[in-house]
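Subject: Structure handover

Hello,

Here is the structure I said I would pass on. My notes on it follow below.

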Amino acid sequence: QVQLLERGGGSVQAGGSLTLQCVYFPFAFFPECVAWFRQAPGKERVGVAALGATRGRGVNDGSNYADSVKGRFSIARDDSKNTVILQMNDLMYEDTAMYYCAVAPSFSDSSCLGMDSRHFNIWGHGTQVTVSP
């Protein structure tokens, strides 16, 4: 059974940085699509960043970001550690939310990079990010 373990959330002042990590188990599992979503209180869950890899470990096919985080957030994966990383810089109060890691075995430009939540069948439990103004 595939499981995701998220870590790295916390509290930070506006302008600060945080790094989120998502480790997926078992090691033999290789999702072609990985992403981060977030949900703020009273709002819907939305995609933040997604990364596709169809040619095996160590080769990425593309990434996409929500407009609100472009230039500030960066998604990457360390395939040697089965880890998806979301580097968040220049954080703003509006980034406050519960952040969820999500993976899918398959890739498509529209569903994966388009961050269609229906494409992702494995989700983490979430990690809270709180940014104070």
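**Strand pairing**

In S3, the bridge partner of Glu-6 is Cys-22. Strands here are DSSP runs (E, at least two residues) numbered from the N terminus. Before going further: this is a predicted model, in which local features need pLDDT of at least 70 and side-chain atom pairs count only at pLDDT 80 or more, while totals for chains, interfaces and linings use all residues. Residues are numbered from 1 along each chain as its sequence is written, and side-chain values use heavy atoms, with hydrogens and water left out.

Strand S1 (residues 3-7) and S3 run antiparallel and are joined by 5 bridges; two strands count as paired if DSSP finds at least two bridges between them. Leu-4 also has its bridge partner in S3, namely Tyr-24. S3 is joined in turn to S8 by 6 bridges, again antiparallel, and there Cys-22 stands opposite Val-84.

In a regular strand the side chains alternate between the two faces of the sheet. In S1, Leu-4 and Glu-6 make up the covered face, whereas Gln-3, Leu-5 and Arg-7 lie on the uncovered one.

**Cores**

The largest nonpolar core has 29 residues, and those touching the most other members are Trp-36, Val-48, Phe-73, Ile-75, Leu-86, Met-88 and Tyr-99. Such a core is a set of buried Ala, Val, Leu, Ile, Met, Phe, Trp, Tyr and Cys residues joined through side-chain atoms within 4.5 Å. Buried means under 20% relative accessible area, exposed over 50%, and partly exposed in between (1.4 Å probe, protein chains only). At least two residues of this core come from each of strand S3 (18-25), strand S4 (33-39), strand S5 (46-52), S7, S8, strand S9 (97-104) and strand S11 (127-132). A second, separate core of 10 residues includes Ala-35, Phe-37, Ala-102 and Leu-113.

Leu-20 is found in strand S3 and is buried, with a relative accessible area of 0%. Its contacts (heavy atoms within 4.5 Å) include Trp-36, Val-84, Leu-86, Met-88, Tyr-99 and Val-129, not counting residues up to four places away in sequence. The C-alpha atoms of Leu-20 and Ile-75 are separated by 9.5 Å, and these residues are 55 apart along the chain.

**Charged pairs**

How many salt bridges does the count come to? The count is 6, a salt bridge being a side-chain nitrogen of Lys or Arg within 4 Å of a carboxyl oxygen of Asp or Glu.

Arg-77 forms one with Asp-79, the closest N and O atoms being 2.8 Å apart, and both residues are buried. Asp-79 is in the loop between strand S7 (73-78) and strand S8 (83-88), with a relative accessible area of 8%. Residues it touches, beyond those up to four places away in sequence, are Tyr-24, Phe-27, Phe-30, Gly-56, Arg-57 and Gly-58.

Asp-67 pairs with Lys-70 at 3.2 Å between the closest N and O atoms. Asp-67 is exposed at 64% relative accessible area, while Lys-70 counts as partly exposed at 47%.

Arg-118 pairs with Asp-116, with 2.9 Å between the closest N and O atoms. Arg-118 is exposed at 73% and Asp-116 is partly exposed at 23%.

Regards

Conventions: Helix = DSSP H or I, 4+ residues; strand = E, 2+ residues; numbered from the N terminus.
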